[in-house]
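Me: I am new to this structure and would like to get to know it. Could we go through it together?

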Amino acid sequence: MTAKTHILGKDAALEDTIAKAQALLTTHGFPVDLVSSKNPVRNCWSVHLRSAECPQIYTNGKGGSKLASEASAILEFFERLSTNLFFFDFYLGNAPENSFVFYPAEKWFPIDAPAAIPTHHPDGTELLNETLRTFYNPEGELLPSQLLDNNTDQPDRGIAALPFECMETKETVYFPVSILTNLYVSNGMAAGNTPTECRAQALAEIMERYVKNQIIAEGICLPDVPQSVLDRFPRIQADIDELNEHGFPIMVKDASLDGQFPVICVLLINPKDGGCYASFGASCRFEVALERTVTELLQGRGLDQLDIFERPSHDLDAVADGLNLESHFIDSVGLLSWKMFGNQPDHAFNDWDFQGTTAEEYAHLMSIINRLGFSAYCAEYPHCGVYTCRIIVPGMSDIYPAEDLIWSSKTTGASLRPELLKLNQMSVDELNGFTEKLEELGLSDVQPLSDAIGVIFEEGTAWHSLRIGELKGMLSLATGNLKEAAQWCSWCQHFDSLPPARQTLYRAIHELVNFGLTGENPGVYDANLGLFFDEQTLADARNIIAGKLTFHGLRFAESWEAVSPAHQNFMAIYNRLRPLKTA
């Protein structure tokens, strides 16, 4: 009988974990494909796992072996499936008032006044609690509309909220879905073999990112992990040596901040271009934290893909900027301070390590949370057959600041969805009103409209490539504002992310409009315009300018599902979860 593979911190053999998860995915109707596998150094593996039906549904796994990386990826798939993370950013359709959108236990808190956030549900349930309401709305500027979810178009139902249990007091607290999606993203989620294994992993991830942000933002110079300590872990040291041999110096740092946190940092330097990269990992066990940090360093990357990192910066304000820290959260391609590469550490090395059962590790990590004065809240999602949890620790696990609920909410773009479906039916006055609304929202001109509204479109369609800037140009043309249209057509023809055919169309429109704006007769140029543009492009351009053809290339229908088969397929996948959630 072949011996099974057990790794530290896991309560089941890797083979058993994978077999169970694969069987459940088959049973529930979620086919997946292992798309790619990378093994840049001996004991670092990463894999890319993707839904066989929808490329937007995927996960990445990492580990010290191929088996470990596959287990990591498939558990992350369950994590994101069970917590709805796969679907957070997208339109999920509207449901009858007596039906749920997210989970059966959700509650919708009616909005009675446009400037007053409701504090209680009609059944007496409180929205957040007084402490949390103050935390998320310290200046009282937050409006109820900014707490609406971005997944539905049902503002009349009110604020959607999900239940979490305070891990200290066992109190049930309802958190608005918009707070979860806008501020916490994937932080603090885990799926695995047992509740304590998952909770320990989720808390370790929260601490890792909390400490990572602090170290990067403050430019903390960390102490080296002594070679005598690294020698205890020859497999990991072999990978570090291999990276050095390939020309990438590695610095292994104790990121525990004097033993407070079970966190390791590894700095990689690329001498060829001066770029540098910081990887962080956390676990109660020093060895596991070290392995996670080294495998994270190369997750999804080959040795030929380590030339994308920034050089160290002398500007600590730029390093501490929120957008830079966001870059580190997304893919670690952000600025690091030169201070992190000094040889006079701000903290002493601490030879920390905590070994115990996953239950003991979970208790140890909770004691750190409590010591720091934070409160942790947990939601459990076992409905897919693999235990999954989501833990949030307000003030510690936030990826984005609370002010983003006002200034950068995902609800902003979602508010455009109902009117966008009817653009082709609107009067000029209605289109002008929509244009004013679009300007007031302050969306970036280069943002894909699909991202702003959370709808998936087929590649190659005009909806798929449509940017906010191009939409503004279409609106200017549809309302006859040719002076403004000329400016947007100039923007479009020089925006390389638009398909070449559409760039050419906007170039033609731009030329024809400018003939009129400069008082020239375009008919004088008819004979030779055909040397610059084909006949169909010129015909479309003339019809668009004349107002006979509006919103060229966009297909309209009564619903987004009808507009986009790709989104219809995506929603069908989401709806397969419904019977599992109600079982």
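Predicted model: local features only at pLDDT ≥ 70, side-chain atom pairs only at ≥ 80, totals over all residues.

Me: Is α1 parallel or oblique to α2?
Reply: Helices (H or I, at least four residues) and strands (E, at least two) are DSSP runs, numbered from the N terminus. The axes of α1 (residues 14-28) and α2 (residues 66-82) come within 9 Å and cross at roughly 40 degrees; axes are lines fitted to C-alpha atoms, for helices over the stretch in contact, and angles run from 0 to 180 degrees between N-to-C directions. Under 35 degrees counts as roughly parallel, over 145 as roughly antiparallel, 65 to 115 as roughly perpendicular and the rest as oblique. Therefore α1 is, relative to α2, oblique.

Me: How many residues of the contact of α1 with α2 are nonpolar?
Reply: Contact means heavy atoms within 4.5 Å, and those taking part include L14, I18 and L25 of α1 and L67, I74 and F78 of α2. Ala, Val, Leu, Ile, Met, Phe, Trp, Tyr, Cys and Pro count as nonpolar, Asp, Glu, Lys and Arg as charged, and the others, Gly among them, as polar. The contact has 2 charged residues, 2 polar ones and, as nonpolar, 13.

Me: Which residue forms a salt bridge with K4?
Reply: A salt bridge is a side-chain nitrogen of Lys or Arg within 4 Å of a carboxyl oxygen of Asp or Glu, and the structure holds 23 of them. K4 lies in the segment before α1, and its partner is 12 residues apart in helix α1. With the closest N and O atoms 2.6 Å apart, that partner is D16.

Me: Is α15 roughly parallel or roughly antiparallel to α18?
Reply: Helix α15 (residues 428-441) packs with α18 at about 155 degrees, their axes 10 Å apart. That angle is why α15 is, relative to α18, roughly antiparallel.

Me: Which residues of α20 make the contact with α18?
Reply: Helix α18 (residues 468-478) and helix α20 (residues 500-517) pack at about 40 degrees, with axes 13 Å apart. From α18 come E470, M474 and L477, and from α20 come R502, Y506 and I509.

Terms used:
Residues numbered from 1 in each chain as written. Heavy atoms only, no water.
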